[in-house]
Amino acid sequence: MGYDVGDEKVNICSYNDDPVKCQKIIDTSECVIYAGSFGFNMLKNRLKKDKLTLIMHERIFKKGVIKLLDPRTWELLDFCHRVQSKNVYFLSIGKNAAKDFILLGFNKNKILNFGYFPDVTYGQIISKKLNNDTCKILWVGRMVDFKKPILALKALRKLPPKYVLTMIGDGKLYDKAVKYAEKHNICVRFLGNVAHDEVVDCMRSSHILLSTSNKGEGWGAVINEGMNSGCAIVCSDQIGCYGTLADDANSVAFRSGSVESIVQAIITADARKEELSRKSIHTVVNEYNPSIAAERLIAFIEGGKIADSGVCSRFFE
C-alpha cells in the first residue's frame, strides 16, 4: 500500500514486445531468476547447457488441491521432475511454497529459504507507550477473503476494553467490516487506504501488529514492516512468512481461523510486548532485509555459497 518503486539500474525488457532480444538475454545470462510457475519452454536452452537457473515463487496450492485441475500445474509438475539433477534451485517464498514444490517433485536439497524484503530503517529507536492501561492493535491490508478482516473484529469483541483496534485498508469486505463493527458496537478506527508513510507512523505508535490472513497469503510483507517498526507480531500459523521471518521466538502465532486462538495470542503478545518489540527489530535489521538478501544471493550465484540459516539457507537438510 502506498509504494512507489523505481530504480534506474533496472532495465526492463518486455518478452511480448521483443521476444528475440529477451530470449537471447535468458539464454546467455550467468544466472536467471524465473518468477513463474509455467511457460518454462523459454528456459530450455539454459537447461540444455545446465546454466544456473533460480525459480522463485509463492505457494502453489493456496486454494487447495483444486489447483491440480489447472493444466499449468501439470506443466510445473513435469518441470520439477525434469530438473531434479539440473543446475536449478528454488527460492522459496515461505515454508508453504517449499512444501508445495516438494509435493510436485522438486529436489528438496535445492530449495533455499527466501522471501520478500521491503526497505528497512536502520538504527531507529522505537519509543512506545508500554503502560498497561491501553494496548494498541493495528491491522493492515486489503480487505479481501483470504486476509480475514472480520476475524480481527470478532476477536476484539472478546477482549477487555483496554485493547483498541485500528484497521488500514480497503477492499470488497470493507463495508461488511464497518457494518459488523456498528452492529456489535465495536470501538474500531477504520482509516481506509492511506499513504505508506502514514502506515509506518501507525505501526510505530502501535503495540501489536495483527495479521489474520490464512494460507492464501503467500508471504505477508506487512510483517516485515511491522517488525521494523517494533511491533509485537501476532499472525496465523498458515501465513506464508510464518516459520521463516516470523517464528515462535519473535512472534505469537494462532491457529488459522480460530477467534479464540487469536484472543489468546493477543493477550500473550501484550504480556511480552517489550521483548517481542526488541526481537522484531533484531530480526529485520540483522537477519531479514534487502542488504542481507542481496549479499547472500550474490554469494550463492557467484560461488555456490549456501547460508547456514535464514535467507539463502537450505529449507531441508
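Let me start with the surface. In this predicted model, Lys148, Lys154, Arg157, Lys158, Lys176 and Lys183 form a positive patch. Two helices, α5 (149-157) and α6 (174-183), each supply at least two residues of that patch. Lys158 sits in the loop between α5 and β6 (163-168), and with a relative accessible area of 52% Lys158 counts as exposed.

Now the overall fold. There are 11 helices and 10 strands in the protein. The radius of gyration is 21 Å, close to the 20 Å from the globule rule for 317 residues, so the protein is as compact as a globular protein of that length. The C-alpha trace spans about 65 × 45 × 40 Å along the principal axes. Of the 317 residues, 51% are buried.

On to the salt bridges, of which the structure holds 11. One of them pairs Asp270 with Lys162, with the closest N and O atoms 2.9 Å apart. Asp270 is in helix α9 (residues 259-271) and Lys162 is in the loop between α5 and β6, so this pair ties together parts 108 residues apart in sequence. Is Asp270 buried or exposed? Asp270 is buried, at 7% relative accessible area, while Lys162 is partly exposed at 21%.

Next, Glu275. This residue forms a salt bridge with Arg272, closest N and O atoms 2.9 Å apart, and another with Lys279, at 2.8 Å from N to O. Lys279 and Glu275 are four residues apart in helix α10 (residues 273-286), that is, about one helical turn.

Methods:
Residues are numbered from 1 along each chain as its sequence is written. This is a predicted model: local features need pLDDT of at least 70, side-chain atom pairs count only at pLDDT 80 or more; totals for chains, interfaces and linings use all residues. Side-chain values use heavy atoms; hydrogens and water are left out. Patches are made of residues with over 30% relative accessible area and no salt bridge: like charges are joined within 9 Å, nonpolar side chains (Val, Leu, Ile, Met, Phe, Trp, Tyr) within 5 Å. Accessible areas come from the Shrake-Rupley method with a 1.4 Å probe; for residues, only the protein chains shown count as cover. A salt bridge is a side-chain nitrogen of Lys or Arg within 4 Å of a carboxyl oxygen of Asp or Glu. Lys and Arg count as positive and Asp and Glu as negative; His and the chain ends are not counted. The place of a charge is taken as NZ of Lys, CZ of Arg, CG of Asp or CD of Glu. Buried means under 20% relative accessible area, exposed over 50%, partly exposed in between (1.4 Å probe, protein chains only). The radius of gyration is taken over C-alpha atoms; the globule rule is 2.2 Å times the number of residues to the power 0.38.
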